[in-house]
Amino acid sequence: MYGNLVIRPEDIENWGKKVHEEDPEKLAEFEARIERGEKIEPQDWMPFEYRRQLIRLIEQHAHSEIIGALPEGTWITRAPTFRRKLALMAKVQDEVGHAQLLYSAAETLGKPREAMINDLLSGKSKYSNVFNYPAKTWADTAIIAWLVDAGAIINQTTNSKGSYGPYVRALERICWEESFHLKYGYDSVVYLATGTPKQRALLQDALNRWWRPIMHFFGPPDNLSVHTEKLVKWKVKLATNDEMRQQFLDMYVPKIWELGLTIPDPNLRKNPETGRWEYSDPNWDEFWQVINGNGPCNKERIAVRRFAEEKGRWVRRALLESQARYVTPLA
Amino acid sequence: MSSLDPRIRRAEPELWTLSTPPLDSLEHWPTYEVFVQRMRGGHAQHVGSLHAPNPEMALVLAKEQYARRSQCVALWVVPTEAILWTSPADEDLFQPAVDKSYREPQGYLNTRERLEKYRDRLQATSHD
Ligand SMILES: [Fe+2]
Ligand SMILES: [Fe+2]
Ligand SMILES: [Fe+2]
């Protein structure tokens, strides 16, 4: 699962200057190739900024998958039935597998995996904000698997039309697996929605908790976002944050209403004249607070990841040096 | 906020006090390229790469990573460093050699153009 690439002003400082320093003939050839719809492969020439922005994008995506497994993973031991437990384990395994695929794709651009993990643990690299919120009840995992994965699918399907070969190939495989996540999530939600009053209340509470993070999921509104024409031209960014958010609302708000659930935003409606969804300000201040490390679970997520790296260290070493043996001295 | 996850609460307080030195390079093992044969009689196809400590473990991990659902009759793993490849930039290597322009005067029409481009570039940089 993944939120949209967040680009901050400092990320593209001096950006134009660097692109102008590139060999103009090679740059023209590179851009013409993308224009024709051809993919760029790791051994091809590429502008420095293309490489840098792609590493950031794919690395953020990989971190989001591996951290994204944590809020749901919490519930594996407490799943309500054995079938749900099996399905949730399969989903969480998929998400960790997505992280592996994406780390591999980012590595083809020259950043080693260890460096990416180090940057995640030090807080230098970001991941999707939505995973810094807790899954309080089983119903939260149902909302995550349905709606957060739905958002992720919109985002990943969009990105899979990008220009970088290894990323596109990883995404094709990922999108295929996400379709199971979505079906599983929807089934879990419908089960609770059609259940006892208590189950319905549990689900409504979870939706209330998750609506704002879901509105944040695609990133800040376009009028507050940094301009990224180059990234659009290079097919690194394929849709704006608002375009994807509108697509999500179009596809899922009717489905949520169909279940008789209330979306906790009195101003949410589709304007029949513009054909666009209108909604209350989802508090972008909170979004930036959470990105900067102050969400309810940021510290726990990173601590768990660090714990796993540290406690897994001896296993990785033992496997790598399996030939090493203690030999008794002869004399 | 105390964690909602009982497994995490069991890991406390060490969870909060653990300080990890940065990972060393290759700590996540060297890379292998993975090939999947989807059906008998078909070609093995490259599907991606992974990290593994040795070829046997690479096979085990490849099965987990690339053959969880899809049909697969055989898996291959190859250390990445064992692979020699041609660059996609050299794709003209594989064009059929019917073009004989190299032995014709017409094969040298863009010499002038190249020189002019070079001059333009020289001029542009000397203005900076
Ligand atoms: Fe995802
Ligand atoms: Fe995923
Ligand atoms: Fe997913």
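Between chain B and chain A, about 4000 Å² of area is buried, and carbon and sulfur atoms give 55% of it; buried area here is the accessible area (1.4 Å probe) that two parts lose on being put together, summed over both. Leu23(B), Arg68(B) and Arg69(B) supply 15% of the area that chain B buries against chain A, more than any other three residues. This is a predicted model, in which local features need pLDDT of at least 70 and side-chain atom pairs count only at pLDDT 80 or more, while totals for chains, interfaces and linings use all residues. Residues are numbered from 1 along each chain as its sequence is written, chains are lettered from A and ligands numbered from 1 in the order in which they are written, and side-chain values use heavy atoms, with hydrogens and water left out.

The contact between the two chains (heavy atoms within 4.5 Å) takes 43 residues from chain B and 44 residues from chain A. The rule for polar contacts finds 25 residue pairs across this interface, both residues being at pLDDT 80 or more. A polar contact is a pair of N or O atoms within 3.5 Å; within protein, one must be able to donate a hydrogen and the other to accept it, and residues adjacent in sequence count only if both atoms are side-chain atoms. On the side of chain B that touches chain A, the elements giving two or more residues are α1 (6–11), α2 (14–17), β2 (44–51), α3 (55–66) and α4 (111–127) of chain B. Helices (H or I, at least four residues) and strands (E, at least two) are DSSP runs, numbered from the N terminus.

Charged pairs come next. Side chains of opposite charge can pair when their charged atoms come close. One that joins the two chains pairs Arg69(B) with Glu177(A) at 3.6 Å, N to O. Glu27(B) also belongs to a network of salt bridges, together with Arg305(A), Glu309(A), Glu310(A), Arg313(A) and Arg316(A).

Other salt bridges lie within chain A. Lys233(A) and Glu31(A) meet through their side chains at 3.3 Å, N to O. Lys233(A) lies in helix α9 (residues 229–233) and Glu31(A) in helix α2 (residues 24–35) of chain A, so this pair ties together parts that are 202 residues apart in sequence. Lys233(A) is partly exposed, with a relative accessible area of 45%, whereas Glu31(A) is buried at 14%. In these terms, buried means under 20% relative accessible area, exposed over 50%, and partly exposed in between (1.4 Å probe, protein chains only).

Glu49(A) and Arg52(A) also form a salt bridge, their closest N and O atoms being 3.0 Å apart. These two residues are 3 residues apart in helix α3 (residues 48–73) of chain A, and are therefore separated by about one helical turn. Glu49(A) counts as buried at 1% relative accessibility, while Arg52(A) counts as partly exposed at 28%. In the salt bridge of Lys111(A) with Glu59(A), the closest N and O atoms are 3.0 Å apart. This pair links distant parts of the chain, 52 residues apart: Lys111(A) is in the loop between α4 and α5 (113–122), and Glu59(A) is in helix α3 of chain A. Both Lys111(A) and Glu59(A) are buried.

Chain A also holds a metal site. Donors are N, O and S atoms within 2.8 Å of the metal (3.2 Å for Na, K and Ca); water is not among the atoms, so sites may look incomplete. The iron ion (ligand 3) lies 4.1 Å from the iron ion (ligand 1). Glu95(A) and His181(A) are both buried.

Finally, some backbone details stand out in chain B. Most residues other than glycine have a negative phi, and most peptide bonds are trans. A cis peptide bond, with omega about 0°, joins Glu12(B) and Pro13(B), and Pro13(B) is in the loop between α1 and α2 of chain B. Leu26(B) has a positive phi, near 70°, and counts as exposed at 51% relative accessibility.

Definitions and conventions: Salt bridge = Lys/Arg side-chain N within 4 Å of Asp/Glu carboxyl O.
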